[in-house]
Amino acid sequence: MSSHTLTKVAAPEDAVPSRIVPRRRTGQWTAAGLVLILLGLAVNSVARNEAFQWDVVGDYFTSASVLRGLGLTLWLTGLVMALGFALGALLAAGRLSGNPVLRAVSWGYVWLFRSMPILVQLLFWFNIGALYPTLFGVKTVNLLGPVTVAIVGLTLHEAAYAAEVVRGGILSVDRGQIEAAEALGLSRWRRWWRIVLPQAMRSIVPPAGNMLIGTLKGTSIISVIAVQDLLYSVQLVYHRTYQVIPLLMVATLWYIIVTSVLSVGQYYVERHYGRGSERAR
């Protein structure tokens, strides 16, 4: 029987193990450095520019008139969002209805109010007395004050967008989930409350959060009809003191603070409804 001798070839002692060399990203780091330099120059310019009058900003930042305007802005934002989504949910139900009349009316509402700029809507409602001097036996001027006009105009505008957000969220739920719930004998209410809504919220919450922040900033437009929100409050001050830039900075800083808080809240709400999905990981 022939024997075979296996010879093990030893690696050279001076052999160097291969090393993975990371890819050089010179262009990216150069661009990042330039961005940081420009950002530093911008921050330095804002901080050291005496025209901003930061001492005046500090004096008016927590003044009574500004805080009252901020309170009205926050109250109006919350009320408009609640009413807008309540009406939007009804419109979404109408668009998903099997009744052609409800579908047509809901679609027409969404089409009309999404086509009109919000400023035009506010001015229209502000001057509604030219068309209807009295409503329900009361003079329109007394019935629809500036704040009421703002609520009506903003709510009708937001409802058109909320309807599409809710409709899109409902349509994102897999039809098989609803059929499975029907097969288990769940009532229509329980199907919507336990099956459809929790899954639809994953798609509803992100755009709804963006709408909330957009509504907060959009309320500044009601200053054109003399509603004393945050922007109008600082306008009243700088019309008296002629310190336009520092007072605008007061409003800007408050908007930044509130939107930042809302963004954090939106993040946690999204994470709550996104549990179990890839987006939550």
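In which loop does Ala226 lie? In this predicted model, Ala226 is found in the loop between helix 9 and helix 10. The legends below describe this site and several other close-up views.

View 1. Ala226 has a phi of about 65 degrees, a positive value, although it is not a glycine. The relative accessibility of Ala226 is 41%, so the residue counts as partly exposed. Gln53 is placed in another part of the chain, in the loop between helix 1 (26-48) and helix 2. Its phi is near 50 degrees, again a positive value in a residue other than glycine. Gln53 is partly exposed, with a relative accessible area of 29%. As background, most residues other than glycine have a negative phi.

View 2. The structure holds six aromatic pairs. One of them joins Phe52 and Trp54 in a stacked arrangement, with 5.5 Å from centre to centre and 20 degrees between the planes. Phe52 has a relative accessible area of 19% and is therefore buried, the limit being under 20%. Trp54, at 33%, is partly exposed. Trp107 is partly exposed, with a relative accessible area of 46%.

**View 3. The largest nonpolar core.** This core has 19 residues. Those with the most contacts inside it are Val66, Leu230, Val234, Leu247, Val250 and Trp254. At least two residues of the core are supplied by each of helix 2, helix 3, helix 10 and helix 11. Helix 11 gives the largest share, seven residues. The surroundings of Val66 illustrate the packing: leaving aside neighbours within four places in sequence, Val66 is in contact with Tyr60, Phe61, Leu230, Ser233, Val234, Val250 and Trp254. Apart from this core lies another, of 16 residues, which includes Ala162, Val166, Met201 and Met211. In soluble globular proteins, nonpolar side chains tend to be buried together.

**View 4. Helix 11 and its buried residues.** Helix 11 has 30 residues and reaches 43 Å from its first C-alpha to its last, close to the 44 Å expected at 1.5 Å a residue. Its buried residues are Pro246, Leu247, Met249, Val250, Ala251, Trp254, Tyr255, Val258, Thr259 and Gln266. The elements that cover them include helix 2 (54-61), helix 3, helix 9 (188-218) and helix 10 (230-241).

**View 5. Gln266, a buried residue of helix 11.** Gln266 lies in helix 11 (residues 244-273). Its relative accessible area is 14%, so Gln266 is buried. Beyond neighbours within four places in sequence, Gln266 is in contact with Val205, Pro206, Gly209, Asn210 and Ile213. Helix 9 covers residues 188-218 and is among the elements that cover the buried residues of helix 11.

View 6. With neighbours within four places in sequence left aside, Ala162 is in contact with Gly84, Phe85, Gly88 and Met211. Ala162 and Met81 are 81 residues apart in sequence, and their C-alpha atoms are 8.8 Å apart in space.

**View 7. Thr77, a buried threonine of helix 3.** Thr77 has its place in helix 3 (residues 64-95). Thr77 is buried, with a relative accessible area of 4%. Its side chain reaches the backbone oxygen of Thr73 at 2.7 Å. When neighbours within four places in sequence are set aside, the contacts of Thr77 are Leu212, Thr215, Leu216 and Thr219.

Terms used: Residues are numbered from 1 along each chain as its sequence is written. This is a predicted model: local features need pLDDT of at least 70, side-chain atom pairs count only at pLDDT 80 or more; totals for chains, interfaces and linings use all residues. Side-chain values use heavy atoms; hydrogens and water are left out. Helices (H or I, at least four residues) and strands (E, at least two) are DSSP runs, numbered from the N terminus. Buried means under 20% relative accessible area, exposed over 50%, partly exposed in between (1.4 Å probe, protein chains only). A polar contact is a pair of N or O atoms within 3.5 Å; within protein, one must be able to donate a hydrogen and the other to accept it, and residues adjacent in sequence count only if both atoms are side-chain atoms. Contact means heavy atoms within 4.5 Å. The expected span of a helix is 1.5 Å times one less than its number of residues. Rings of Phe, Tyr and Trp (its six-membered ring) pair if their centres lie within 6.5 Å; planes under 30 degrees apart count as stacked, over 60 as edge-to-face and the rest as tilted. A nonpolar core is a set of buried Ala, Val, Leu, Ile, Met, Phe, Trp, Tyr and Cys residues joined through side-chain atoms within 4.5 Å.
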